[in-house]
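Please keep the sequence and the model in view while reading.

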Amino acid sequence: MQPAQTSIKSVPKIDQNKQIRHLPNKRKAGRLIISYFFLTLVAVVMIVPFLWSFSTALKGKNEAIFSFPPKFIPENITLENFITVWNTLPIPLYLWNSIILAFWGVILPLLFCSLAAFPLARMNFKGKNTVFLIILATMMIPGEVTMIPIYLILEKLSLIDSFAGVILPGAVSAFGIFLMRQAFIGIPKEIDESAIIDGAKPWQIWWYILIPMVKPMLSTLAILSFIGSWNNFLWPLLVLQDPNSYPLTVGLYDLKGTFVTDTRLVSAGAVIALIPILIVFMAFQNYFIKGAYSSAVKG
């Protein structure tokens, strides 16, 4: 009878252990379901305006735009709005100007932010942390506060109504320095020591060793810089005076006066301006995800 009692008592203990083991898995599954639900909800909220703009750009003149509930599928799909915008405004010229501004708006932040982040991450000098905190503190200053002083400086330098006046104020950013510093910190310092023993100079360590190892973060900064430069509207509107030098965002502003706020044409112009951003993001998507993940882990 004793062996039987032992086996009977041991059964509930095994079941209880199994239940305890399954509890974390159930909790983890529940958290994943809740997380995916809220992420899906946020994604829907974010994508609805883009779908509405794209749908409006494809609607004809006789089709209602502000109907409720909104109709995302046009009754008669037409490309007339895109053709009208393309033929009325010098879109190729605006695109070329935007490409020039975006090119330098990406190259210069990558260069200067990585150069500024290198000593903050790899060198030891007095006041390093204080300098870094001061740089981070500038992120709390709204851009509108610095517009007037920067405009006056550019006017003294005779850079008003020039691409340089649009590009130089955004050539370096505190956020970019922060991203690159985090990327450099994640690389073991023994690599620097080995390079120094082999006779490498600091700029060689930065260019030949560290830069190739932080490509995901460089791609992340490049995408963010490209989006910011491509969508920049207020600063080019203030600095540039010649309509032939307008980027696409400023040039599309003429749609409001030319067509008396025709929503279909404005949406068509917005879709045209959005296409390059989607192309760049899709091309560097993998690097962007790797860079965001590495910064989250190392931060």
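## The second largest pocket

What volume does the second largest pocket have? The volume of the second largest pocket is about 460 Å³. A pocket is defined on a 1 Å grid over the protein atoms alone, as an open set of points where a 1.4 Å probe fits, with protein on both sides within 12 Å along at least five of seven lines. Lining residues have an atom within 4 Å of a point, and a volume is the space filled by probe spheres set on the points.

The lining of the second largest pocket consists of 18 residues, and Leu252, Ala270, Val271, Ala273 and Leu274 lie nearest its centre. Two or more lining residues come from each of helix 1 (2-57), helix 13 (254-258) and helix 14 (263-283). Helix 14 supplies the largest share, eight residues.

## Basis of the model

The model is predicted; local features need pLDDT of at least 70 and side-chain atom pairs count only at pLDDT 80 or more, while totals for chains, interfaces and linings use all residues. Residues are numbered from 1 along each chain as its sequence is written, and side-chain values use heavy atoms, with hydrogens and water left out.

## Overall composition

The protein has 15 helices and zero strands. Helices (H or I, at least four residues) and strands (E, at least two) are DSSP runs, numbered from the N terminus. Of the 299 residues, 32% are buried, that is, under 20% relative accessible area with a 1.4 Å probe, counting protein chains only.

## The largest pocket

The largest pocket has a volume of about 1200 Å³. Its lining comprises 33 residues, with Pro169, Gly170, Val172, Ser173 and Asn232 nearest the centre. Several helices each supply at least two lining residues, including helix 3 (91-122) and helix 7 (174-185). Helix 10 gives the most, with six residues.

In helix 2, the residues Asn81, Phe82 and Val85 are buried. Viewed down the axis of helix 2, the buried residues fall within an arc of 100°, so they line one face of the helix; the arc is that of the directions from the helix axis to the C-beta atoms.

Thr84 also belongs to helix 2, which covers residues 80-88. Why does Thr84 count as partly exposed? Its relative accessibility is 25%, and partly exposed means between the buried limit of 20% and the exposed limit of 50%. Thr84 and Leu265 lie 181 residues apart in sequence, yet their C-alpha atoms are 7.7 Å apart in space.
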